[in-house]
Amino acid sequence: MMSTARSFQVPEYLNARTPAEYRGIQRDHIRLMTLDTVTGDCSHNYFNRLDSYLAEGDLLVLNNSRTIPAVLKGKRGKQAVEIRLSRKLSDREWEALIVGGVITVGEKIDLPGGLTATIAGLGAEAPLIVLSFSKSGLNLLENFYQYGEPLHYEYIETPWPIEMYQTVYASVPGSVEMPSAGRAFTWRLLNKLKEKGVNIAYLQLHAGLSYYGNDRWPHPNKHLEEFCVPPNTAELINKTRKRNGRVIAVGTTVVRALETAVNIAGYVVPQKGITSLYIQKGYPLKAVDGLITGFHEPEASHLDLLSAFIDKDLLMNAYKKALAEGYLWHEFGDMNLIMPMDERK
């Protein structure tokens, strides 16, 4: 990770513990900090004014992966066990994290609804393991929705319903953590952008666990995630770039998917599969010009990805301004628009 990433700390009072709707405002009324990738200049606004920064012919690419209830509570004998799903491997197998306890291959975990999970092996990296469930396909997914709980971390003190962890356009179940950069969008704002001539496209990247607990994070090169870039999205991106429009990714998940799907000639091609792409300082972005994202913790590899868009010193200066201005962090927090701020609005 970049060396300057640890040069700031997020105070507790800036951890967004409550969704905007429960703070008495609409989703798209959270704050927005803009960051010019060329000059490092920042400005401050509200997310429902996003249209004032985009121009006719620009393209927003959204991740329409839907968040599933990824926390399962069960028992291994008499011992209570918590499972945190991470990534679907097949119709009945998932990579997952077992919270607490010693893991033994072959052990069986009893779950509600007559479901069992057998520890089948090790995952892509420690501490992930592979679970084989006794149900598969839609039956397994139905069990998750009926008995599972949304994944949340220590700064969230209230068990918010799964609807609070969805974007309004989410349609393809598979993420264990919300692709949160899109949470602030409302249909009203999306329609306003379309009326201005900003195009909208969708892809899927099913977000996996971003934190393993006990100060452990996924290794960026081993953080495998399933993605799909549809043909119409690839076509729109290539047309936009040919016409000198800007492609704005809504979330680091979208950046990862699109940069994985770029061919040698620099065109985005329809593609589905698993990405292990690690984007960091010096990575030559080929598909994306700008990014809408939340504010990230100093330990997160997401900051490495941001440093592919902007000089890391300019990025850290902007983050210090965000802290001083009281922007809120995490999935229920405020937003950051990072791109070249030219006069095409």
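Buried means under 20% relative accessible area, exposed means over 50%, and partly exposed lies in between. The legends below use these words for a predicted model.

**Figure 1. A salt bridge joins Glu 12 and Arg 17.** In this pair the closest N and O atoms are 2.8 Å apart. Glu 12 has a relative accessible area of 53%, so it is exposed. Arg 17 is partly exposed, because its relative accessible area is 24%. The pair also belongs to a network of salt bridges that links Glu 12, Arg 17 and Glu 157. Side chains of opposite charge can pair when their charged atoms come close. In total, the structure holds 16 salt bridges.

**Figure 2. Glu 21 and Arg 27 form a salt bridge through their side chains.** The distance from N to O is 2.8 Å. Glu 21 has a relative accessibility of 31% and therefore counts as partly exposed. Arg 27, in contrast, is buried, with a relative accessible area of 11%.

**Figure 3. The side chains of Arg 256 and Glu 225 meet in a salt bridge.** Here the N to O distance is 2.7 Å. The pair links distant parts of the chain, since Arg 256 lies in helix α4 (residues 252–260) and Glu 225 in strand β13, 31 residues apart. Are these two residues buried or exposed? Arg 256 counts as buried, because its relative accessibility is 8%. Glu 225 is buried as well, with a relative accessible area of 6%.

**Figure 4. Glu 95 sits in strand β7 (residues 93–99).** Glu 95 has a relative accessibility of 5%, so it counts as buried. Its side chain reaches the backbone nitrogen of Ala 124 at a distance of 2.5 Å. Apart from neighbours within four places in sequence, Glu 95 is in contact with several residues, among them Leu 85, Ser 86, Arg 87 and Leu 89. Gly 123, Ala 124, Leu 128, Ile 129 and Val 130 are also in contact with Glu 95.

**Figure 5. A cis peptide bond joins Ala 126 and Pro 127.** The omega angle of this bond is about 5°. Pro 127 is in the loop that runs between β9 (115–122) and β10 (129–133).

**Figure 6. Asn 214 and Asp 215 lie in the loop between β12 and β13.** Strand β12 covers residues 199–205. Asn 214 is not a glycine, yet it has a positive phi of about 55°. Asp 215, also a residue other than glycine, has a positive phi near 60°.

Figure 7. Two or more lining residues come from each of β6 (79–88), α1 (137–147), β11 (172–175) and β13 (225–229). Which element gives the largest share of the lining? Helix α1 does, with 5 residues. By type, the lining divides into 11 nonpolar, 5 polar and 5 charged residues.

Key. Residues are numbered from 1 along each chain as its sequence is written. This is a predicted model: local features need pLDDT of at least 70, side-chain atom pairs count only at pLDDT 80 or more; totals for chains, interfaces and linings use all residues. Side-chain values use heavy atoms; hydrogens and water are left out. Helices (H or I, at least four residues) and strands (E, at least two) are DSSP runs, numbered from the N terminus. Ala, Val, Leu, Ile, Met, Phe, Trp, Tyr, Cys and Pro count as nonpolar, Asp, Glu, Lys and Arg as charged, and the others, Gly among them, as polar. A salt bridge is a side-chain nitrogen of Lys or Arg within 4 Å of a carboxyl oxygen of Asp or Glu. Buried means under 20% relative accessible area, exposed over 50%, partly exposed in between (1.4 Å probe, protein chains only). A polar contact is a pair of N or O atoms within 3.5 Å; within protein, one must be able to donate a hydrogen and the other to accept it, and residues adjacent in sequence count only if both atoms are side-chain atoms. Contact means heavy atoms within 4.5 Å.
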